[in-house]
Amino acid sequence: MDYRSHARRKTGGLCRPSCSPEKTRKEVVSKGSGGMEVILSSLENTRDLQTTLNILGILNELLNVGGGRRTGVFVSKGGTAILLQLLVSSGKDPPANEELMLLIHSLLIKVGPKDKKFGVKARLNGALNVTVNLVKHNLQNFKLLLPCLQVLRVYSSNSVNAVSLGKSGALEIMFEIIGPFSKKSTTLLKVTLDTLASLLKSGMNARRAVDRGYLPTLLTIYQDWHRNDTRHRHVVIRKSILGCIKNLTNIKLGRKAFIDSNGMRILYNASTECLPVRTLDPLVNTSSLIMRKCFPKNRLPLPTIKSVFLHPLPHVPAGGPVAQLYNQPPGVDDVVDESDENEATEVDTENDTENEEDETGHKSQNDDIETDINKLRPRQISMRPFDELRVYEHFCREFTENFEDNDFESPRSVIPLLSVNPELHRSIIIPTTPTSSGPQNRRSPQGDALPPKSDGSPLELDSISISKSPDGKSDCDLVYSLGRLVLDGGVNGGSVDGSQEDGGEQAELEVPDTAALLPLHDPDLYLEMVKSTRSVPGYTEVAYPDYFGHVALNLREPILERVYGVQRMKIFQDIERLIHPSDILDKVVYDLDNQSCPVIDNGESLKFNSKFESGNLRKAIQVRKFEYDLILNSDINSNHYHQWFYFEVGNMRPGVRYRFNIINCEKSNSQFNYGMQVLMYSVQDAINGRPQWVRTGSDICYYKNNFSRSSIAAGGQKGKSYFTMTFTVTFQHKDDVCYFAYHYPYTYSMLKMHLQKLSALRTAQIYYRQDDLCETLGGNSCPLLTITAMPESSSNDHISQFRSRPVVFLSARVHPGETNSSWVMKGTLEYLMSCSPQAQSLRESYIFKIIPMLNPDGVINGNHRCSLSGEDLNRQWQSPNAELHPTIYHAKSLLQYLRATGRTPLVFCDYHGHSRKKNVFMYGCSIKETVWQTNVNTSTCDLQEDLGYRTLPKLLSQMAPAFSLSSCSFVVERSKEATARVVVWREIGVQRSYTMESTLCGCDQGKYKGLQIGTNELEEMGAQFCLALLRLRRFTSPLELHNHNSHLVDMDNDLIDTRSIPNVTSHTTYVLDEDEPAFLEEVDYSAESNDDNDPDLDPDLQDNHALLDPSSDSEFSHQDSLN
Ligand SMILES: [Zn+2]
């Protein structure tokens, strides 16, 4: 039945010997492209039908073999136009010669995809209508119909052609061909559907199709095939039908028609039946994509996405983020489905793909590298005048002290802070005699208090309220009443929460005895610290984990392996909400916007709370019996940035699987898709001897949901979708109170407690001083520590050695959500205060200036990224404002002071956490590596730069198991030009200026490979950082230490293989937000947006060949054999 062999037979018989196909082929082969010219010229000039047929037959054979090369030659010699003209001239007077048309179209199928201007040429030559008419008049003539449809499909990949074909009635013709399920002519059906899908990419055609009611038709056809194709032999056809629906639903009208035609339920039901058969995954994935696209976009169930709590600023800079935020029109959060705003524009409706991140993430790859050499060179402009900087001398008293009054034998006499400037020291009152409003025996060593679970029943968890007298003086009055720790504001214990009046049923609370394991923790001291911590909402409660403390697990917590299909299952459950709305409870159980939100205590709902330091849950909605939607509060004075979370859950049933969905996540991907779990703290477990945060949760995944915000609210041109982070938890205990957090919490009050405890570790050898760098916008102090070794004596030599120690400047937690940076900092501080000989040697080597928490207000108020000014403080280092960014302003000024007095730090390092990468790594600054990355001309290679910046990361990679050198980068990016690292490098002149990033998830190399990170590993990292500094000291020349402002030969070179420098880029990973390897589910996810049946891609060329092949059905039988 092959028309080609048929044609050959026929032409062979009629052809004169002089132009036998064999001879011509030889000619062509021998003369190369010259032969093609001969053939084309003959084709163009002959008026004889048989000759034309012969030549076309030869061309068909020629282009069938020899791959794309010959087709390329054909195109380059103008063959396309000759063919199209032949088509048009022959089509003028119907009925056209069938064999001629067959040959022309089969050639066009081959030529079209290889000719970039094919669409335009076809239109200009007037070929579109010839083919359309042929199709119209040959609906029963499959032999001719098939190649004509294929050519139509190639035509329609040009959007103008698609519109024109639509006007010529092509859509209607397609629907005449598509019929109900039939095992006959499946090839024709597949081609028709793919042509239709191609036509429907045009928005105009899609509207036309919707207007004619084709969407319900397609749904019916899909159902028909779904029902009848029981052996799944025709998955490709079913997929092609979905392809048409997918393109139709790119327009708003199509989505509406889909919903109106009950499309959700139809595709949902079909997909549910397909789920068990793995080979039907393409159908399930495409259906899921369509359903998610059609799922009506919704605004979050909130009055506004602006943060619940506002903090008045001393001044609001016009044009700043806060001014913008509060000048927004009301109702700005309302969702606008902007995709159809301009209905006239064609195509490009694929804006629902999952690749938004590319805009922010991958764009940076080359565009973001700083190419302005002047911006890469050090500069010291914008230094404040020294007279202004002189006040910072106060923070550097160690450089002027004489130590003459100190008795170097007695440890008590060496507290420089108190002797020098007592009023700066914030004294903390620790009550010695507790008052008596409640049971006090929390430690109950004598058994006065009932030990928990002594009778086998679970302890009822009640709260501890601490009364604070109105003048702020505390008397640590502990009352155990209900539910939670409450810092009580009233004199007589008038509690904040009315439900806590009932003091009669006070249970006794056993505080886990963690003193031996947590030397820096003390619950009483913690409560004291909380009292002086000022939060914007005025928190009066204390979370149990912060009160009890966290003892790191000795267990290994492996990075979770993802189970295939979890994400899809979750998405289907979300779709069920629309299909079965009556199953949805929609019961608000916690709402910060409505403080009087009734807490319905019928035992059927979980109780939520996060009104404590670092908490940030805004709303909890029970959607099903055991499923809750959670909404996080925006960073204060902003309308987004949330990612961090910390909240409390009570009233749970043990042994039941609860699903939690945080529905207003913003980033387009998360380590939750790569094995990271949430952290949970059970109070029952704590009391029973396991006071610890544990990685928990199953079925964790992170995906785009149907909530979005308006473009204005999102600050961009497009409305932005939110993402859901979902996890499932089974609670172990009845009447437990559990806490969930994004990462191990570390509050500001905890820092103050740790500093108290650390200062008590002072010995005669340790110089430790705590100053208040400044007060924050929220009225909290920002501690600045100075740690070094006391001079051996007050002799001139020793004082001189003391004063000549280089400065190491460290900071952390500018980003409140990056609690891991605080745990690393804790490890550093503990090491610095330890009594090992190495620690002493380290203290004798350097003077440490440390700001352990650059953003206390953000931490206290549960922010993820910003300070109370609604801004990212790590983007303010270029020109910090003294009022709005006090911690940055004063930290930078202190650095300027150090520089001005010849004490430019040897090392600056700002500790951070990284939400998307594994391991611990550093970002540094190098002119050369930046220049190399940009591939700018090599003339810049004469730049002088010593390689000292590589030493510390290199040492860390040798010493710290979590550290990965290959993740480090020393490229200066434009987007980072206002960060601490870059500004301290450029403006202060610190060559070793770093950001140290610790993973929130875990490690994929080294000793901890495959494990999630815990506080032990983070603290170890902080200690190893100290040890690396000690080794750095040995690798750094004394000359440099004394004159480290000047440019000197770097002694670090013996550490670095200098030969590797020309290839240095290969050792450096460019800073990418996303560098995760693809994994099973990811493929599944992206398959939804990248239709693998894209008609414009090469595989379809093979498709075409296969269809022209006598055994063309083999393609489909292949598919069948897969089933
Ligand atoms: Zn950060």
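Cys294 is buried, its relative accessible area being 4%, where buried stands for under 20% relative accessible area, exposed for over 50% and partly exposed for values in between (1.4 Å probe, protein chains only). The model described here is a predicted one, in which local features need pLDDT of at least 70 and side-chain atom pairs count only at pLDDT 80 or more, while totals for chains, interfaces and linings use all residues. Residues are numbered from 1 along each chain as its sequence is written, and side-chain values use heavy atoms, with hydrogens and water left out.

Cysteine pairing was examined next. The structure holds 0 disulfides, a disulfide being a pair of cysteine sulfur atoms within 2.5 Å. For Cys1001, the closest cysteine sulfur belongs to Cys1003 and lies 8.8 Å away, which is too far for a bond. Cys1001 is itself buried, with a relative accessible area of 0%.

The secondary structure of the protein chain amounts to 45 helices and 22 strands, these being DSSP runs numbered from the N terminus, with helices (H or I) of at least four residues and strands (E) of at least two. The protein chain has 1123 residues, of which 59% count as buried. When contacts between residues at least 6 apart in sequence are considered, 78% of them join residues at least 24 apart, contact meaning heavy atoms within 4.5 Å.

The largest nonpolar core comprises 131 residues, and those with the most contacts inside it are Phe608, Phe660, Phe740 and Met996; such a core is a set of buried Ala, Val, Leu, Ile, Met, Phe, Trp, Tyr and Cys residues joined through side-chain atoms within 4.5 Å. Helix 40, spanning residues 1015-1035, gives the most to this core, contributing 10 residues. Apart from this core lies another, of 104 residues, which includes Leu152, Ile177, Trp225 and Cys701.

The zinc ion has as its protein donors His815 (ND1), Glu818 (OE), Glu818 (OE) and His912 (ND1), which lie 2.1 to 2.3 Å from the ion. Donors are here N, O and S atoms within 2.8 Å of the metal (3.2 Å for Na, K and Ca), and because water is not among the atoms, sites may look incomplete. Along the sequence, the donor residues follow the spacing H-x2-E-x93-H. The arrangement of the 4 donor atoms is irregular because they subtend angles of 59 to 153 degrees around the zinc ion, whereas four donors count as tetrahedral if all angles lie between 85 and 135 degrees, and four count as square planar and six as octahedral if opposite donors are over 155 degrees apart and all others between 65 and 115, anything else being irregular.

Thr46 is found in the loop between helix 3 (33-45) and helix 4 (49-64), and counts as buried at 18% relative accessibility. A polar atom of the Thr46 side chain lies 3.1 Å from the backbone nitrogen of Asp48. With residues up to four places away in sequence not counted, Thr46 touches Thr51, Thr52 and Ile55.

Positive phi values were also found in residues other than glycine. Phi of Asn651 is near 65 degrees; Asn651 occupies the loop between strand 9 (646-650) and strand 10 (657-665), and counts as partly exposed at 27% relative accessibility. Phi of Asp699 is near 50 degrees, and Asp699 lies in strand 13, residues 698-709, where it is buried with a relative accessible area of 18%.

Methods: Polar contact = N/O pair within 3.5 Å; in protein donor to acceptor, adjacent residues only side chain to side chain.
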